[in-house]
Amino acid sequence: MSTAATSRRPAPSEPVLPLSRRSRQAVRVTHIVAAGSWIGVDVVVAVLVLTGWSSPDAGLRGLAYRALANFIVAPMLVSAAVCLLTGLMLGLGTKWGLVRYWWVLVKLVLNTALCIAIVFVLAPGMPEIDRYGATGGAAGSARTETLFFPPAVSLTALTFAVVLASAKPWGPIRRKASA
């Protein structure tokens, strides 16, 4: 037999790990800055990809691809991870929860999927892009056409996440009543 104090579950609108007002503000600001940084890194990726594709100068093409390969994954992953961590903290520490509202759940799924894509899709291809850039894009057969997708997909998903955070659509997730 358990007591009410040990078995008490938070009410649907109560946070699991309540944050103080000051902590909540700091985490929210960190979350917004991380998301903004992530968007900024994606814009840099888009600029480097477009430069690599369109420059008639082999040296500039090579520089763009080498910069992409050597300087993008780490800042993107750090921004994404901080965004995910602070999002989890906000979900657990505020009334919004992690799985109480559809918009929060969708943001969590998007962030998690993008983090996984950075680690398992984007990062493994960077050595090939670096080698391709070292030749100025003249030798080898790097699949540079696929580089369009990371910034396009990520920028679209991150913009959608910003819209979700601003509009907070769809309302709460309905749960079946338990007996």
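**View 1. Helix 2 and helix 3 are roughly antiparallel to each other.** That label applies to angles over 145 degrees; under 35 counts as roughly parallel, 65 to 115 as roughly perpendicular and the rest as oblique. The model is predicted: local features need pLDDT of at least 70, side-chain atom pairs count only at pLDDT 80 or more, and totals for chains, interfaces and linings use all residues. Numbering starts from 1 along each chain as its sequence is written, and side-chain values use heavy atoms, with hydrogens and water left out. The two axes come within 8 Å and cross at roughly 150 degrees. Axes are lines fitted to C-alpha atoms, for helices over the stretch in contact; angles run from 0 to 180 degrees between N-to-C directions. Helices are DSSP runs (H or I, at least four residues), numbered from the N terminus. The crossing of helix 2 and helix 3 is left-handed, meaning that the near helix is turned anticlockwise from the far one by less than a right angle.

**View 2. Residues joining helix 2 and helix 3.** Val 45, Leu 48, Val 49, Thr 51, Gly 52 and Trp 53 of helix 2 meet Leu 60, Arg 61, Ala 64, Tyr 65, Ala 67 and Leu 68 of helix 3. Contact means heavy atoms within 4.5 Å. The residues of this contact divide into 9 nonpolar, 2 polar and 1 charged. Ala, Val, Leu, Ile, Met, Phe, Trp, Tyr, Cys and Pro count as nonpolar, Asp, Glu, Lys and Arg as charged, and the others, Gly among them, as polar.

**View 3. Helix 2 against helix 4.** Their axes lie 8 Å apart, at an angle of about 150 degrees. The pair is therefore roughly antiparallel. The crossing is left-handed. Among the residues in contact are Arg 24, His 31 and Trp 38 of helix 2, and Pro 75, Cys 83 and Leu 90 of helix 4. By class, the contact has 13 nonpolar, 6 polar and 3 charged residues.

**View 4. Val 27 in helix 2.** Val 27 counts as buried, at 9% relative accessibility. Buried means under 20% relative accessible area, exposed over 50%, partly exposed in between (1.4 Å probe, protein chains only). Leaving aside neighbours within four places in sequence, Val 27 contacts Leu 19, Thr 86, Met 89 and Leu 90. Gly 93 is 66 residues from Val 27 in sequence, and 9.7 Å away C-alpha to C-alpha.

**View 5. Met 76 and the largest nonpolar core.** Such a core is a set of buried Ala, Val, Leu, Ile, Met, Phe, Trp, Tyr and Cys residues joined through side-chain atoms within 4.5 Å. Of its 26 residues, Trp 38, Leu 68, Met 76 and Met 126 touch the most other members. Beyond four places in sequence, Met 76 contacts Trp 38, Val 41, Asp 42, Val 45, Ile 118 and Leu 122.

Technical notes. Helix = DSSP H or I, 4+ residues; strand = E, 2+ residues; numbered from the N terminus.
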